[in-house]
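Student: I am new to this structure. Please show me how to read it.

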Amino acid sequence: MRPFATVLPTNSPVTAERAPTAPFVGLSALWIQITGTWCNLECRHCINASGPRAPWLKPLDAETIRRAIAEAEEAGVKEIYFTGGEPFLHGEILPLLDLALRAAPTTVLTNGTLIGPEQADALAAMAARAAYSLEIRVSLDDTDREKNDRIRGEGAWSKALEAVRLLRARGLLPIVTATEITRGEHPAGTGMYQRFRDFLHREGIERPRVKIMPVFALGRLPANGEPPLTEEDLEGFDRSVLQCADGRVVAAGGVYACPILAGLGGARLSTGSLAESFKAAPLYHPACVTCRKTGMTCRNS
Amino acid sequence: MPQQLSEYRRIALIGGVYSNWLALEAALADARARDVEAVFCLGDMGGFGPHPDRVFPLLREHGVLALQGNYDESLASGRADCGCGYTDPRDNHYAAVSYRYTFEKTSREHKAWLGTLPLHRRLKLGPHRVLMCHGSPRVINEFLWESGTPDGLLRHLLDRAEADVLLCTHTGIKWRRALADARHAVNVGVIGRPENDGRPNVWYTVLTAGPDLEVEFVPVHYDHETLAREMEREGLPPEFAETIRTGWWTTCLENLPARERARGKY
């Protein structure tokens, strides 16, 4: 087993100033990196190298979050997402989710390990009284316990699955979110979606919901040496479909272009208000190549 | 100079038809009996159902004023898929089967007509300035679900469009919202397939001008068994016919928000 790396994410050598850009077409998704990179797990493929010790990106205070939600609502935001780190480590996660749900449909991305019966009850009550949908995305990288825990840490599989069961028992339909990190360890044939759906059915989870994400070579994973995008790479490509064209991330230090690059200087578009970040985003990082190639979005769909 | 808009008192709105020519026939007859001045269709004529070419003569005979949906745009421009944007291979499989069938069975003439349809229509309904679109005013295939569409977004879209009433379809489930400032948004539903509630009927919408806007969702009961049999005879997936018979969606569930998904069977 490869030991956990402790390399912090770094900016690409290509400067953001010289990079091609994606236009800003309007705020559709607001992301809130509520716990920064503070997490109780230390997954081997984490895109922002989150972990339990000395997070390189600090958690946000509640007031910053409240201001961002108010500003986003005014701008006509369609969806709000809470991410980290692990959002349920934040002392005010529940009231802040509640507040966000008054403005827009809200999703929280969690590893599920801190969701016990009490949290599940609170989330179910919140979802029932909200005007809009509350979505809970629980990360699970493999249907196999051993393969999953090798990536996410001992016990992560059981706890995540238990969270899914607790939420399901209360009428919530969490979205199980996996990356393709262990894809190569399974025989070709049955696709990942089907494997996860079959697995969840076997575990008694009706109406299983699954989202699959590509692996990004940053954070705790080593860079893959891919050069950043050039204007030539983007010829004939509609840049307005990239998530940095209609999403923004509030995290410690300001407002950033996308959830993958939150906290990195090159992706920072504002050190103050959300509105100040409503401008073209530089496609400067090798991770932008993955978005361009896969058409992926961190949003639910 | 401000655009001169046609004025109406009562209109009928039909959402996605999805080749359900039997429901279209029934909805049009029902609308005529309700003294509507015009019938509008908000796009997506084909997909899912059998014999797509049977829809067009009905639209023509009844003078239906249509918009272009994403399916229409795809068919007209020869795109490789329906433009619904699924990522789950299961959803994509069914979407591809449906699109291939519809593409092959829609005449060149009808595809060309779909290409001429406008993306938006504006009119006045009494004092209300109405904007019609397929998905959202900004993106043809944007899903505006009831539990996924915040008031703030509706205000933003209405402001930008300088409209009081926003009408859309695309999701397949009707809803209405009266905003605090007396503006409205209505997803008019679809007549192509039932709305995932275990009942086989479909829905269209009648809007009547008044000091406030009157919104009536009208259930359409039609010969769904005949449609389901036609789908089977045409070799369309049995899962599609099951939806027509039972009212439960069996495919393309990926984009449903939690609340709408929880109401369905699958």
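Student: How many helices and strands does chain B have?

Tutor: Helices (H or I, at least four residues) and strands (E, at least two) are DSSP runs, numbered from the N terminus. Chain B has nine helices and eleven strands. Its radius of gyration, taken over C-alpha atoms, is 17 Å, close to the 18 Å of the globule rule (2.2 Å times the number of residues to the power 0.38) for 266 residues, so chain B is as compact as a globular protein of that length.

Tutor: This is a predicted model: local features need pLDDT of at least 70, side-chain atom pairs count only at pLDDT 80 or more, and totals for chains, interfaces and linings use all residues. Residues are numbered from 1 along each chain as its sequence is written, while chains are lettered from A and ligands numbered from 1 in the order in which they are written.

Student: In what order do the five strands of the open sheet lie?

Tutor: Strands of a sheet pair through backbone hydrogen bonds, either parallel or antiparallel. Here two strands pair if DSSP finds at least two bridges between them. In chain B the order is β4-β3-β2-β10-β11, with mixed pairing. β4 (65-66) and β11 (214-220) of chain B are at the edges with a single partner strand each, so one side of each has no neighbour in the sheet.

Student: How many bridges join β2 to β3 in chain B?

Tutor: Four, between β2 (residues 10-14) and β3 (residues 38-41) of chain B, which run parallel. A12(B) has V39(B) as its bridge partner in β3(B).
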